[in-house]
Amino acid sequence: MKFISTRGKAPAIDFAELLLSGTAPDGGLYMPESLPDFSKNIPKWGSISYQELCFYLLQPFVEGHFSDFVLKDLIRKAYAPFSHPEICTIKPEQDYYLLELFHGPTYAFKDYALQLLGHFFEKTLEAGDKKYIFLGSTSGDTGSAAIHALKQKKNIFVVMLHPNRRVSEIQAKQMLTVFDPNVVNLAIQGTFDDCQALVKALFALPGFSKEYSLGAVNSINLVRILIQVAYYFYAYFAFQKLNLPFVISVPSGNFGNAFSAYLASLMGLPVEEIVVASNQNHVLTTFFDTGVYQPKEVVASLSPSMDIQISSNLERYLWLLANKDGEKIQTLYSQLKNQNQFFFDPKLFSNSLVKFTAGFASEKEVRQRINAYYQTTKNYMDPHTAVGVEVAIKKGKKNFLSLATAHPVKFYDRLEQITFSTYPLPQKIQTLLDSPSRCLILPADLMEVKELIENLHKEGKADFWAEE
Ligand SMILES: *Cc1c(COP(=O)(O)O)cnc(C)c1O
(Lines give C-alpha, C1' and ligand atoms only; values in the text may rest on other atoms or scores of the structure.)
Protein backbone atom coordinates (compact mmCIF):
# COMPACT_ATOMS: atom_id res chain seq x y z
CA MET A 1 0.00 0.00 0.00
CA LYS A 2 1.10 3.58 -0.69
CA PHE A 3 0.73 6.55 1.62
CA ILE A 4 0.22 10.14 0.51
CA SER A 5 0.41 13.57 2.12
CA THR A 6 -2.63 15.64 3.13
CA ARG A 7 -1.05 18.65 1.43
CA GLY A 8 -0.71 16.90 -1.91
CA LYS A 9 2.84 17.97 -2.80
CA ALA A 10 5.02 15.19 -1.35
CA PRO A 11 5.72 11.95 -3.24
CA ALA A 12 3.83 8.81 -2.18
CA ILE A 13 5.77 6.48 0.14
CA ASP A 14 5.57 2.82 1.17
CA PHE A 15 5.10 1.33 4.63
CA ALA A 16 8.83 1.11 5.46
CA GLU A 17 9.21 4.83 4.93
CA LEU A 18 5.91 5.66 6.62
CA LEU A 19 6.98 3.80 9.73
CA LEU A 20 10.04 5.98 10.18
CA SER A 21 8.74 9.32 8.99
CA GLY A 22 7.25 12.28 10.83
CA THR A 23 5.45 14.96 8.87
CA ALA A 24 5.66 14.78 5.08
CA PRO A 25 8.19 17.07 3.33
CA ASP A 26 5.35 19.40 2.24
CA GLY A 27 4.33 19.87 5.88
CA GLY A 28 1.32 17.56 5.62
CA LEU A 29 0.50 14.28 7.35
CA TYR A 30 0.53 10.90 5.67
CA MET A 31 -2.66 9.01 4.94
CA PRO A 32 -3.32 5.65 3.25
CA GLU A 33 -3.97 6.10 -0.46
CA SER A 34 -7.02 3.87 -0.05
CA LEU A 35 -8.63 1.96 2.81
CA PRO A 36 -9.55 -1.72 2.98
CA ASP A 37 -13.24 -2.52 3.44
CA PHE A 38 -13.75 -5.11 6.17
CA SER A 39 -17.55 -4.97 6.31
CA LYS A 40 -17.87 -8.48 4.90
CA ASN A 41 -15.52 -9.85 7.57
CA ILE A 42 -17.39 -8.35 10.50
CA PRO A 43 -19.90 -11.21 10.90
CA LYS A 44 -16.96 -13.65 11.08
CA TRP A 45 -14.81 -11.76 13.56
CA GLY A 46 -17.10 -11.78 16.59
CA SER A 47 -15.14 -14.26 18.67
CA ILE A 48 -11.51 -13.98 17.59
CA SER A 49 -8.77 -12.77 19.94
CA TYR A 50 -7.52 -9.20 20.14
CA GLN A 51 -4.21 -10.25 18.59
CA GLU A 52 -5.86 -12.01 15.66
CA LEU A 53 -8.10 -9.07 14.99
CA CYS A 54 -5.12 -6.76 15.08
CA PHE A 55 -3.36 -8.99 12.56
CA TYR A 56 -6.24 -8.95 10.06
CA LEU A 57 -6.69 -5.19 10.35
CA LEU A 58 -3.02 -4.32 9.88
CA GLN A 59 -2.11 -6.87 7.25
CA PRO A 60 -3.22 -4.83 4.20
CA PHE A 61 -1.14 -1.86 5.38
CA VAL A 62 2.12 -3.70 6.13
CA GLU A 63 1.93 -6.04 3.15
CA GLY A 64 5.26 -6.22 1.33
CA HIS A 65 7.14 -5.10 4.45
CA PHE A 66 6.39 -7.73 7.11
CA SER A 67 5.39 -11.28 6.19
CA ASP A 68 2.25 -12.67 7.86
CA PHE A 69 4.47 -14.78 10.07
CA VAL A 70 6.54 -11.81 11.25
CA LEU A 71 3.49 -9.58 11.77
CA LYS A 72 1.81 -12.23 13.94
CA ASP A 73 4.97 -12.68 15.96
CA LEU A 74 5.40 -8.94 16.57
CA ILE A 75 1.76 -8.57 17.64
CA ARG A 76 2.12 -11.50 20.03
CA LYS A 77 5.23 -9.95 21.60
CA ALA A 78 3.69 -6.48 21.80
CA TYR A 79 0.63 -7.53 23.78
CA ALA A 80 2.36 -10.13 25.97
CA PRO A 81 3.16 -7.59 28.74
CA PHE A 82 -0.50 -6.50 29.03
CA SER A 83 -2.12 -7.38 32.32
CA HIS A 84 -5.61 -8.30 31.11
CA PRO A 85 -6.16 -11.56 29.16
CA GLU A 86 -8.56 -9.77 26.79
CA ILE A 87 -6.09 -6.86 26.34
CA CYS A 88 -8.97 -4.40 26.63
CA THR A 89 -12.31 -4.92 28.30
CA ILE A 90 -15.73 -3.34 28.74
CA LYS A 91 -16.98 -2.50 32.24
CA PRO A 92 -20.68 -1.70 32.75
CA GLU A 93 -21.45 1.38 34.84
CA GLN A 94 -24.82 2.81 35.90
CA ASP A 95 -26.08 3.93 32.49
CA TYR A 96 -23.01 3.78 30.32
CA TYR A 97 -20.03 1.49 29.68
CA LEU A 98 -16.30 2.03 30.06
CA LEU A 99 -13.79 0.62 27.61
CA GLU A 100 -10.73 0.01 29.77
CA LEU A 101 -7.66 0.85 27.71
CA PHE A 102 -5.20 0.96 30.58
CA HIS A 103 -3.94 -2.60 30.88
CA GLY A 104 -0.56 -1.93 29.24
CA PRO A 105 2.82 -1.34 30.92
CA THR A 106 2.30 2.41 31.56
CA TYR A 107 -1.46 2.36 32.28
CA ALA A 108 -2.68 4.57 29.42
CA PHE A 109 -4.22 3.79 26.05
CA LYS A 110 -1.05 4.90 24.27
CA ASP A 111 0.59 1.58 25.18
CA TYR A 112 -1.76 -0.17 22.74
CA ALA A 113 -0.15 1.47 19.73
CA LEU A 114 3.33 2.18 21.01
CA GLN A 115 4.18 -1.30 22.28
CA LEU A 116 3.57 -2.66 18.79
CA LEU A 117 5.22 0.30 17.09
CA GLY A 118 8.39 -0.37 19.13
CA HIS A 119 8.51 -3.91 17.77
CA PHE A 120 7.83 -2.67 14.23
CA PHE A 121 10.77 -0.25 14.55
CA GLU A 122 13.16 -2.82 15.97
CA LYS A 123 12.30 -5.48 13.39
CA THR A 124 12.75 -2.97 10.59
CA LEU A 125 16.06 -1.60 11.86
CA GLU A 126 17.75 -4.62 13.40
CA ALA A 127 19.46 -5.75 10.22
CA GLY A 128 21.23 -2.46 9.43
CA ASP A 129 23.96 -0.68 11.35
CA LYS A 130 22.32 2.74 11.26
CA LYS A 131 21.00 4.16 14.50
CA TYR A 132 17.67 5.97 14.47
CA ILE A 133 16.67 8.70 16.87
CA PHE A 134 12.98 8.66 17.74
CA LEU A 135 11.90 12.08 18.74
CA GLY A 136 8.67 12.87 20.51
CA SER A 137 6.91 15.42 22.66
CA THR A 138 4.62 14.44 25.48
CA SER A 139 2.17 15.87 27.95
CA GLY A 140 2.85 12.73 29.98
CA ASP A 141 1.37 9.54 28.60
CA THR A 142 3.00 9.35 25.16
CA GLY A 143 6.40 9.80 26.74
CA SER A 144 6.10 7.03 29.27
CA ALA A 145 4.48 4.69 26.74
CA ALA A 146 7.14 5.44 24.08
CA ILE A 147 10.04 5.06 26.50
CA HIS A 148 8.75 1.73 27.75
CA ALA A 149 8.17 0.60 24.16
CA LEU A 150 11.64 1.61 22.92
CA LYS A 151 14.02 1.09 25.84
CA GLN A 152 16.60 -1.63 25.13
CA LYS A 153 15.58 -1.83 21.48
CA LYS A 154 18.46 -2.35 19.07
CA ASN A 155 19.67 0.54 16.84
CA ILE A 156 17.19 2.91 18.44
CA PHE A 157 17.45 6.02 20.57
CA VAL A 158 14.45 7.76 22.06
CA VAL A 159 14.57 11.50 22.83
CA MET A 160 11.45 12.60 24.67
CA LEU A 161 10.53 16.22 25.39
CA HIS A 162 8.09 16.89 28.22
CA PRO A 163 7.01 20.21 29.77
CA ASN A 164 9.05 20.53 32.95
CA ARG A 165 6.91 19.97 36.08
CA ARG A 166 3.69 19.85 34.07
CA VAL A 167 3.21 16.10 34.04
CA SER A 168 1.79 14.01 36.89
CA GLU A 169 4.10 12.51 39.51
CA ILE A 170 3.60 8.98 38.23
CA GLN A 171 3.97 9.99 34.59
CA ALA A 172 7.26 11.70 35.49
CA LYS A 173 8.47 8.66 37.43
CA GLN A 174 7.52 6.29 34.62
CA MET A 175 9.74 8.28 32.25
CA LEU A 176 12.57 9.52 34.41
CA THR A 177 13.38 6.30 36.22
CA VAL A 178 14.31 4.59 32.95
CA PHE A 179 18.11 4.77 32.81
CA ASP A 180 18.69 2.63 29.74
CA PRO A 181 21.51 4.14 27.67
CA ASN A 182 19.25 4.58 24.62
CA VAL A 183 16.78 6.86 26.45
CA VAL A 184 17.10 10.67 26.77
CA ASN A 185 14.52 12.59 28.81
CA LEU A 186 14.38 16.33 28.16
CA ALA A 187 12.37 18.54 30.50
CA ILE A 188 11.51 21.66 28.50
CA GLN A 189 10.81 24.93 30.30
CA GLY A 190 7.45 25.57 28.64
CA THR A 191 4.10 23.96 27.79
CA PHE A 192 3.31 20.80 25.85
CA ASP A 193 2.60 22.93 22.77
CA ASP A 194 6.15 24.34 23.07
CA CYS A 195 7.49 20.77 23.11
CA GLN A 196 5.37 19.80 20.13
CA ALA A 197 6.46 22.94 18.25
CA LEU A 198 10.14 22.08 18.87
CA VAL A 199 9.68 18.57 17.51
CA LYS A 200 7.80 19.86 14.48
CA ALA A 201 10.48 22.52 13.89
CA LEU A 202 13.26 19.92 14.00
CA PHE A 203 11.47 17.79 11.44
CA ALA A 204 10.94 20.89 9.30
CA LEU A 205 14.67 21.83 9.19
CA PRO A 206 15.71 21.07 5.60
CA GLY A 207 17.64 17.81 5.41
CA PHE A 208 17.89 17.47 9.19
CA SER A 209 15.68 14.45 9.76
CA LYS A 210 17.43 12.53 6.97
CA GLU A 211 20.93 13.41 8.09
CA TYR A 212 20.28 12.45 11.71
CA SER A 213 17.90 9.57 10.95
CA LEU A 214 15.01 10.96 12.94
CA GLY A 215 11.82 9.00 13.44
CA ALA A 216 8.53 10.11 15.00
CA VAL A 217 6.54 8.55 17.82
CA ASN A 218 3.84 11.21 18.14
CA SER A 219 0.43 10.58 16.69
CA ILE A 220 1.57 12.40 13.57
CA ASN A 221 2.91 8.89 12.91
CA LEU A 222 0.07 7.27 10.97
CA VAL A 223 1.05 3.76 12.04
CA ARG A 224 0.00 4.57 15.61
CA ILE A 225 -3.39 5.72 14.38
CA LEU A 226 -3.81 2.54 12.34
CA ILE A 227 -2.91 0.25 15.25
CA GLN A 228 -5.53 1.97 17.44
CA VAL A 229 -8.28 0.96 15.04
CA ALA A 230 -8.06 -2.55 16.54
CA TYR A 231 -9.66 -1.75 19.89
CA TYR A 232 -12.66 -0.10 18.25
CA PHE A 233 -13.32 -3.28 16.30
CA TYR A 234 -12.71 -5.41 19.37
CA ALA A 235 -15.02 -3.29 21.53
CA TYR A 236 -17.70 -3.31 18.85
CA PHE A 237 -18.09 -7.09 19.03
CA ALA A 238 -18.49 -7.04 22.79
CA PHE A 239 -20.87 -4.09 22.59
CA GLN A 240 -22.93 -5.72 19.86
CA LYS A 241 -24.00 -8.41 22.34
CA LEU A 242 -25.80 -5.67 24.29
CA ASN A 243 -27.82 -4.73 21.22
CA LEU A 244 -26.98 -1.05 21.51
CA PRO A 245 -26.00 1.45 18.82
CA PHE A 246 -22.24 1.99 18.87
CA VAL A 247 -21.97 5.50 20.32
CA ILE A 248 -18.45 6.20 21.56
CA SER A 249 -17.17 9.05 23.69
CA VAL A 250 -13.47 9.84 23.23
CA PRO A 251 -11.52 12.13 25.59
CA SER A 252 -9.55 14.09 23.00
CA GLY A 253 -6.40 16.15 22.76
CA ASN A 254 -4.44 15.63 19.57
CA PHE A 255 -7.53 14.02 17.99
CA GLY A 256 -5.57 10.84 17.26
CA ASN A 257 -7.79 8.46 19.18
CA ALA A 258 -11.05 9.93 17.86
CA PHE A 259 -9.63 9.84 14.35
CA SER A 260 -8.81 6.14 14.72
CA ALA A 261 -12.49 5.59 15.51
CA TYR A 262 -13.38 7.40 12.31
CA LEU A 263 -10.92 5.29 10.29
CA ALA A 264 -12.53 2.18 11.80
CA SER A 265 -15.87 3.33 10.42
CA LEU A 266 -14.34 4.01 6.99
CA MET A 267 -13.07 0.42 7.05
CA GLY A 268 -16.60 -0.83 7.54
CA LEU A 269 -17.25 -0.75 11.30
CA PRO A 270 -20.83 0.44 12.00
CA VAL A 271 -20.02 3.39 14.26
CA GLU A 272 -23.17 5.36 15.08
CA GLU A 273 -21.68 8.50 16.62
CA ILE A 274 -18.36 9.79 17.95
CA VAL A 275 -18.44 12.22 20.87
CA VAL A 276 -15.30 14.39 20.85
CA ALA A 277 -14.83 15.31 24.50
CA SER A 278 -12.49 18.15 25.49
CA ASN A 279 -11.47 19.70 28.77
CA GLN A 280 -11.34 23.49 29.23
CA ASN A 281 -8.91 23.62 26.28
CA HIS A 282 -11.89 23.27 23.98
CA VAL A 283 -10.52 24.39 20.62
CA LEU A 284 -12.11 21.28 19.04
CA THR A 285 -15.58 22.00 20.47
CA THR A 286 -15.59 25.49 18.98
CA PHE A 287 -14.34 24.07 15.70
CA PHE A 288 -17.06 21.45 15.38
CA ASP A 289 -19.72 24.00 16.37
CA THR A 290 -18.63 26.82 14.04
CA GLY A 291 -15.95 25.69 11.56
CA VAL A 292 -13.55 28.21 13.11
CA TYR A 293 -10.27 26.72 14.32
CA GLN A 294 -8.51 29.18 16.55
CA PRO A 295 -5.95 27.93 19.08
CA LYS A 296 -5.76 29.86 22.35
CA GLU A 297 -3.23 29.74 25.18
CA VAL A 298 -3.07 26.29 26.76
CA VAL A 299 -4.57 26.28 30.25
CA ALA A 300 -3.25 23.58 32.62
CA SER A 301 -6.06 21.24 33.71
CA LEU A 302 -6.73 18.09 35.72
CA SER A 303 -6.41 16.10 32.48
CA PRO A 304 -2.94 17.16 31.22
CA SER A 305 -2.81 14.73 28.29
CA MET A 306 -5.66 16.74 26.77
CA ASP A 307 -4.10 20.17 27.40
CA ILE A 308 -3.60 20.77 23.71
CA GLN A 309 -4.67 23.55 21.38
CA ILE A 310 -3.05 22.29 18.17
CA SER A 311 -4.88 19.03 17.48
CA SER A 312 -2.59 17.72 14.74
CA ASN A 313 -4.74 14.83 13.57
CA LEU A 314 -7.66 17.09 12.73
CA GLU A 315 -5.81 17.76 9.46
CA ARG A 316 -6.35 14.15 8.43
CA TYR A 317 -10.08 14.36 9.04
CA LEU A 318 -10.41 17.68 7.20
CA TRP A 319 -8.50 16.28 4.23
CA LEU A 320 -11.03 13.45 3.98
CA LEU A 321 -13.98 15.85 4.33
CA ALA A 322 -12.46 18.08 1.65
CA ASN A 323 -12.34 15.13 -0.76
CA LYS A 324 -8.55 14.83 -0.45
CA ASP A 325 -7.97 18.33 -1.79
CA GLY A 326 -4.35 18.93 -0.73
CA GLU A 327 -4.33 22.51 -1.93
CA LYS A 328 -7.30 23.40 0.23
CA ILE A 329 -5.60 21.86 3.28
CA GLN A 330 -2.38 23.71 2.44
CA THR A 331 -4.31 27.00 2.33
CA LEU A 332 -6.03 26.33 5.67
CA TYR A 333 -2.80 25.48 7.43
CA SER A 334 -0.92 28.48 5.98
CA GLN A 335 -3.72 30.62 7.40
CA LEU A 336 -3.31 28.90 10.73
CA LYS A 337 0.40 29.65 10.64
CA ASN A 338 0.06 33.27 9.53
CA GLN A 339 -3.21 34.39 11.15
CA ASN A 340 -3.49 31.82 13.94
CA GLN A 341 -6.88 30.64 12.69
CA PHE A 342 -8.75 29.18 9.78
CA PHE A 343 -12.35 28.76 8.75
CA PHE A 344 -13.53 25.42 7.39
CA ASP A 345 -16.83 25.50 5.58
CA PRO A 346 -19.24 23.60 7.92
CA LYS A 347 -21.17 22.41 4.85
CA LEU A 348 -18.30 19.97 4.31
CA PHE A 349 -19.13 18.28 7.63
CA SER A 350 -21.94 16.57 5.74
CA ASN A 351 -19.25 14.55 3.93
CA SER A 352 -18.53 12.79 7.22
CA LEU A 353 -19.55 9.14 7.30
CA VAL A 354 -20.14 9.35 11.06
CA LYS A 355 -21.80 12.05 13.10
CA PHE A 356 -19.37 13.86 15.40
CA THR A 357 -20.70 15.59 18.50
CA ALA A 358 -18.24 17.84 20.27
CA GLY A 359 -18.44 19.19 23.80
CA PHE A 360 -16.27 20.13 26.73
CA ALA A 361 -16.27 19.78 30.48
CA SER A 362 -15.15 22.52 32.86
CA GLU A 363 -12.77 21.72 35.70
CA LYS A 364 -15.65 21.95 38.14
CA GLU A 365 -17.72 19.47 36.13
CA VAL A 366 -14.79 17.05 35.96
CA ARG A 367 -14.35 17.25 39.74
CA GLN A 368 -18.07 16.66 40.27
CA ARG A 369 -18.07 13.70 37.93
CA ILE A 370 -15.09 12.12 39.73
CA ASN A 371 -16.75 12.73 43.11
CA ALA A 372 -20.11 11.34 42.05
CA TYR A 373 -18.37 8.21 40.77
CA TYR A 374 -16.40 7.86 43.99
CA GLN A 375 -19.49 8.31 46.15
CA THR A 376 -21.53 5.68 44.32
CA THR A 377 -18.83 3.08 43.58
CA LYS A 378 -15.99 3.80 46.06
CA ASN A 379 -13.76 3.56 43.01
CA TYR A 380 -11.69 6.23 41.34
CA MET A 381 -12.04 7.54 37.80
CA ASP A 382 -9.10 9.07 35.94
CA PRO A 383 -9.73 12.75 35.04
CA HIS A 384 -9.38 12.19 31.26
CA THR A 385 -11.94 9.41 31.42
CA ALA A 386 -14.18 11.66 33.51
CA VAL A 387 -14.14 14.28 30.73
CA GLY A 388 -15.39 11.69 28.23
CA VAL A 389 -18.18 10.51 30.51
CA GLU A 390 -19.23 14.00 31.57
CA VAL A 391 -19.43 15.38 28.03
CA ALA A 392 -21.45 12.43 26.73
CA ILE A 393 -23.93 12.76 29.60
CA LYS A 394 -24.16 16.53 29.07
CA LYS A 395 -24.95 15.86 25.41
CA GLY A 396 -27.86 13.64 26.48
CA LYS A 397 -26.27 10.31 25.52
CA LYS A 398 -27.27 7.09 27.27
CA ASN A 399 -25.77 3.60 27.08
CA PHE A 400 -22.72 4.93 25.31
CA LEU A 401 -19.22 3.45 25.40
CA SER A 402 -16.79 5.87 26.99
CA LEU A 403 -13.07 5.35 26.60
CA ALA A 404 -11.19 4.94 29.89
CA THR A 405 -7.91 6.24 28.51
CA ALA A 406 -5.83 6.05 31.69
CA HIS A 407 -5.80 4.08 34.92
CA PRO A 408 -6.83 6.29 37.85
CA VAL A 409 -3.66 5.46 39.77
CA LYS A 410 -1.68 7.58 37.30
CA PHE A 411 -3.38 10.63 38.79
CA TYR A 412 -3.87 9.32 42.32
CA ASP A 413 -2.65 12.53 43.98
CA ARG A 414 -5.22 14.68 42.16
CA LEU A 415 -7.95 12.15 42.85
CA GLU A 416 -7.13 12.16 46.56
CA GLN A 417 -7.49 15.94 46.65
CA ILE A 418 -10.75 15.87 44.72
CA THR A 419 -12.41 13.12 46.74
CA PHE A 420 -10.85 13.88 50.15
CA SER A 421 -9.80 10.26 50.47
CA THR A 422 -6.63 8.18 50.52
CA TYR A 423 -5.91 6.17 47.40
CA PRO A 424 -4.72 2.69 48.34
CA LEU A 425 -1.50 2.52 46.31
CA PRO A 426 -0.42 -0.90 45.03
CA GLN A 427 3.12 -1.96 46.03
CA LYS A 428 4.29 -1.71 42.40
CA ILE A 429 3.38 1.98 42.35
CA GLN A 430 4.96 2.64 45.73
CA THR A 431 8.21 1.12 44.49
CA LEU A 432 8.08 3.31 41.39
CA LEU A 433 7.54 6.45 43.49
CA ASP A 434 10.53 5.57 45.66
CA SER A 435 12.87 5.07 42.69
CA PRO A 436 15.51 7.70 41.81
CA SER A 437 14.94 9.73 38.61
CA ARG A 438 16.94 11.95 36.28
CA CYS A 439 16.45 14.21 33.27
CA LEU A 440 18.02 17.12 31.43
CA ILE A 441 16.28 20.50 31.78
CA LEU A 442 16.45 22.74 28.70
CA PRO A 443 14.80 26.03 27.66
CA ALA A 444 12.25 25.86 24.82
CA ASP A 445 15.00 26.71 22.34
CA LEU A 446 15.33 25.01 18.98
CA MET A 447 19.11 25.44 18.79
CA GLU A 448 19.73 23.73 22.13
CA VAL A 449 17.63 20.70 21.26
CA LYS A 450 19.16 20.55 17.79
CA GLU A 451 22.66 20.54 19.27
CA LEU A 452 21.75 17.73 21.61
CA ILE A 453 20.54 15.59 18.72
CA GLU A 454 23.71 16.33 16.75
CA ASN A 455 25.83 15.28 19.72
CA LEU A 456 23.80 12.15 20.27
CA HIS A 457 24.25 11.22 16.63
CA LYS A 458 28.01 11.91 16.79
CA GLU A 459 28.69 10.10 20.07
CA GLY A 460 26.40 7.18 19.30
CA LYS A 461 25.46 6.93 22.96
CA ALA A 462 23.04 8.77 25.17
CA ASP A 463 24.88 9.01 28.47
CA PHE A 464 27.25 11.83 27.51
CA TRP A 465 25.08 14.42 29.23
CA ALA A 466 24.54 12.53 32.44
CA GLU A 467 28.20 12.57 33.41
CA GLU A 468 28.23 16.17 34.65
C1 LIG B 1 -3.21 11.11 24.93
C2 LIG B 1 -4.37 11.00 25.84
C3 LIG B 1 -5.63 11.51 25.50
C4 LIG B 1 -5.86 12.26 24.21
O5 LIG B 1 -5.77 11.42 23.09
P6 LIG B 1 -5.56 12.06 21.62
O7 LIG B 1 -5.32 10.90 20.75
O8 LIG B 1 -4.37 12.96 21.73
O9 LIG B 1 -6.79 12.81 21.29
C10 LIG B 1 -6.68 11.30 26.37
N11 LIG B 1 -6.50 10.66 27.55
C12 LIG B 1 -5.31 10.18 27.92
C13 LIG B 1 -5.17 9.50 29.24
C14 LIG B 1 -4.20 10.32 27.09
O15 LIG B 1 -3.01 9.83 27.45
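A pocket, as the term is used in this tour, is an open set of grid points where a 1.4 Å probe fits, with protein on both sides within 12 Å along at least five of seven lines. The structure on display is a predicted model.

**First stop: the largest pocket**

About 1500 Å³ of space lies in the largest pocket. To find this pocket, select Thr23, Gly27, Lys200, Phe203 and Ala204, the closest to its centre among the 49 residues of the lining. Next, colour α1 (15-20), α7 (192-204), α8 (208-211) and α13 (326-339), the elements that each give two or more residues to the lining. Of the elements, α7 gives the most, with 7 residues. Colouring the lining of the largest pocket by class will show 23 nonpolar, 14 polar and 12 charged residues.

**Second stop: the ligand**

Now select the ligand, whose space is the largest cavity. Display the 15 residues that surround the ligand; the closest are Lys110, Asp141, Gly253, Asn254 and Thr405. By class, this shell comprises 5 nonpolar, 8 polar and 2 charged residues.

Begin with the side chain of Lys110, where an N or O atom is 2.5 Å from an oxygen atom of the ligand. Then show the backbone of Phe255, in which an N or O atom lies 3.0 Å from a ligand oxygen. Proceed to Gly256, which has a polar backbone atom 3.2 Å from an oxygen atom of the ligand. To conclude, display the surface of the protein around the ligand: the protein covers 97% of the 380 Å² of accessible area that the ligand has on its own.

Note on methods. Residues numbered from 1 in each chain as written. Predicted model: local features only at pLDDT ≥ 70, side-chain atom pairs only at ≥ 80, totals over all residues. Heavy atoms only, no water. Near = heavy atom within 4 Å. Polar contact = N/O pair within 3.5 Å; in protein donor to acceptor, adjacent residues only side chain to side chain. Areas by Shrake-Rupley, 256 points an atom, 1.4 Å probe, with all protein chains shown as cover. 1 Å grid on protein atoms, 1.4 Å probe; cavity = no way out; pocket = protein on both sides within 12 Å on 5 of 7 lines; lining within 4 Å. Sits in = over half its atoms within 2 Å of the grid points. Nonpolar A, V, L, I, M, F, W, Y, C, P; charged D, E, K, R; others polar. Points joined across faces, edges and corners; volume = space filled by probe spheres on them. Helix = DSSP H or I, 4+ residues; strand = E, 2+ residues; numbered from the N terminus.
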